[in-house]
Amino acid sequence: MKIGLIGGTGLYDLFHTLTEQCIETDYGQVTLLKGEFEDKEVYFLPRHGTEHGVLAPFVNYKANMMALKKAGIEQVIAVSAVGSINPDIPIGGLSMPDQIVDFSRRRDNTYGQFSADMTYPFCPDLQKAVSTAATENSQTLYENTTLICVDGPIYETSSELQLFSSWGMDVVGMTNSTEAALARELGICYSAVTLSTDLATGFAPIPPDLGTHKRVAAINKDKVKALMVKTLALLSEQKSCQCAKSYNEYMILINN
Ligand SMILES: [Zn+2]
């Protein structure tokens, strides 16, 4: 069974050994790092490159998701850093959004073949595994949250955040809506776990900055890894979700 794990470089040492696998796609070449976890093949995809150099709006999302598809991966869990809008989610808090508001406007978030159903953007099977993992680990996981995705790389204005808050948004990020849309178009199960690395500007006296973001990510690295290890152990090939429905219907249509 093959599982994709998208995240920062801090997740590398989940695996004893990693082998590089270069995958050519129509959108560019992607290097996946393959590791073994129990009886599973886990393909790690460093979203921002191995040096954490590519900012969120410039990530080649279409190549990344297509590479996972070409590698035969049907389930992907993405870890990302976000800012908390909901004051109940503290810095260092892990949350698992179940809805997205895509506020990005400059992203190429479609392969342009058909209109996929995005009513529920995340895979319920993967979400169940993550939720169970958190419970078994006695970890706090904020569930049923809504993530609003912005283009970045600049952070939001105070008025934007107040608007997002009035809309009931819980966290703000820059990557998950694009990945979720492309995953759905490819029929890949996708779920996200977010780590709040700041209280978004407008709600805190200290504005977000890269140094704080990196420091919080480093402090909470083991917590994220523990959740991922338990989740990987719980994942199975048995699926009850409809994540691949739009994709499968489209494939039947073009093959007949
Ligand atoms: Zn699914």
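A salt bridge here is a side-chain nitrogen of Lys or Arg within 4 Å of a carboxyl oxygen of Asp or Glu. The model on screen is predicted, and it holds seven such salt bridges. The tour starts with one of them.

**Stop 1: E179 and R47**

Select E179 and R47. Their side chains meet in a salt bridge, with N to O at 2.6 Å. E179 belongs to helix α4 (residues 176-185) and R47 to the loop between β4 and α1, so the pair ties together parts that are 132 residues apart in sequence. Are the two partners buried or exposed? E179 is buried, at 1% relative accessibility. R47 is buried as well, with a relative accessible area of 5%.

**Stop 2: helix α4**

Of its 10 residues, 10 are buried, so α4 is largely enclosed by the rest of the structure. Among the buried residues are N176, S177, T178, L182, R184 and E185. Next select G187, which follows α4 and has a positive phi, near 70°.

**Stop 3: F44**

From G187, go to F44. The two are 143 residues apart in sequence, and their C-alpha atoms are 19 Å apart in space. F44 sits in strand β4. F44 counts as buried because its relative accessibility is 0%, the cut-off for buried being under 20%. To see what surrounds F44, show L5, G7, G8, L11, Y12, F15, L32 and L33; F44 touches these residues, not counting those up to four places away in sequence.

**Stop 4**

Move on to F58, in the loop between β4 (40-46) and α1 (61-70). F58 counts as exposed because its relative accessibility is 57%, and exposed requires over 50%. Together with F58 they make a nonpolar surface patch of about 290 Å².

**Stop 5: the zinc ion**

Select the zinc ion. Which atoms coordinate the zinc ion? The donors are the SG atoms of C123, C189, C241 and C243, at 2.2 to 2.3 Å. The angles among the four donor atoms run from 103 to 116°, and the site is tetrahedral. Along the sequence the donor residues follow the spacing C-x65-C-x51-C-x1-C.

**Stop 6: T197**

Follow strand β9 (residues 189-199) to T197. T197 is buried, with a relative accessible area of 1%. Leaving aside neighbours within four places in sequence, T197 is in contact with A81, V82, I91, T212, H213, V216 and A217. Show these side chains together with T197.

**Stop 7: D151 and two arginines**

Select D151, R106 and R107. The closest N and O atoms of the R106 and D151 salt bridge are 3.7 Å apart. This pair links distant parts of the chain: R106 is in the loop between β6 and α2, D151 is in the loop between β7 (141-149) and α3 (158-166), and the separation is 45 residues. What is the distance between the closest N and O atoms of R107 and D151? For this salt bridge it is 3.6 Å. Salt bridges that share partners join R106, R107 and D151 into one network. Colour the three by accessibility: R106 is exposed, at 63%, whereas D151 is buried, at 8%. R107 is buried too.

**Stop 8: backbone exceptions**

Switch to a backbone view. Most residues other than glycine have a negative phi, and most peptide bonds are trans. The last selections depart from that.

- G152 to P153: this peptide bond is cis, with omega near 0°. P153 lies in the loop between β7 and α3.
- S138: phi is positive, near 55°. S138 lies in the loop between α2 and β7 and is exposed, at 67% relative accessibility.
- N144: phi is positive, about 55°, although N144 is not a glycine. N144 is found in strand β7 and counts as exposed at 63% relative accessibility.

Technical notes:
Residues are numbered from 1 along each chain as its sequence is written. This is a predicted model: local features need pLDDT of at least 70, side-chain atom pairs count only at pLDDT 80 or more; totals for chains, interfaces and linings use all residues. Side-chain values use heavy atoms; hydrogens and water are left out. Patches are made of residues with over 30% relative accessible area and no salt bridge: like charges are joined within 9 Å, nonpolar side chains (Val, Leu, Ile, Met, Phe, Trp, Tyr) within 5 Å. Accessible areas come from the Shrake-Rupley method with a 1.4 Å probe; for residues, only the protein chains shown count as cover. Helices (H or I, at least four residues) and strands (E, at least two) are DSSP runs, numbered from the N terminus. Buried means under 20% relative accessible area, exposed over 50%, partly exposed in between (1.4 Å probe, protein chains only). Contact means heavy atoms within 4.5 Å. Donors are N, O and S atoms within 2.8 Å of the metal (3.2 Å for Na, K and Ca); water is not among the atoms, so sites may look incomplete. Four donors count as tetrahedral if all angles lie between 85 and 135 degrees; four count as square planar and six as octahedral if opposite donors are over 155 degrees apart and all others between 65 and 115; anything else is irregular.
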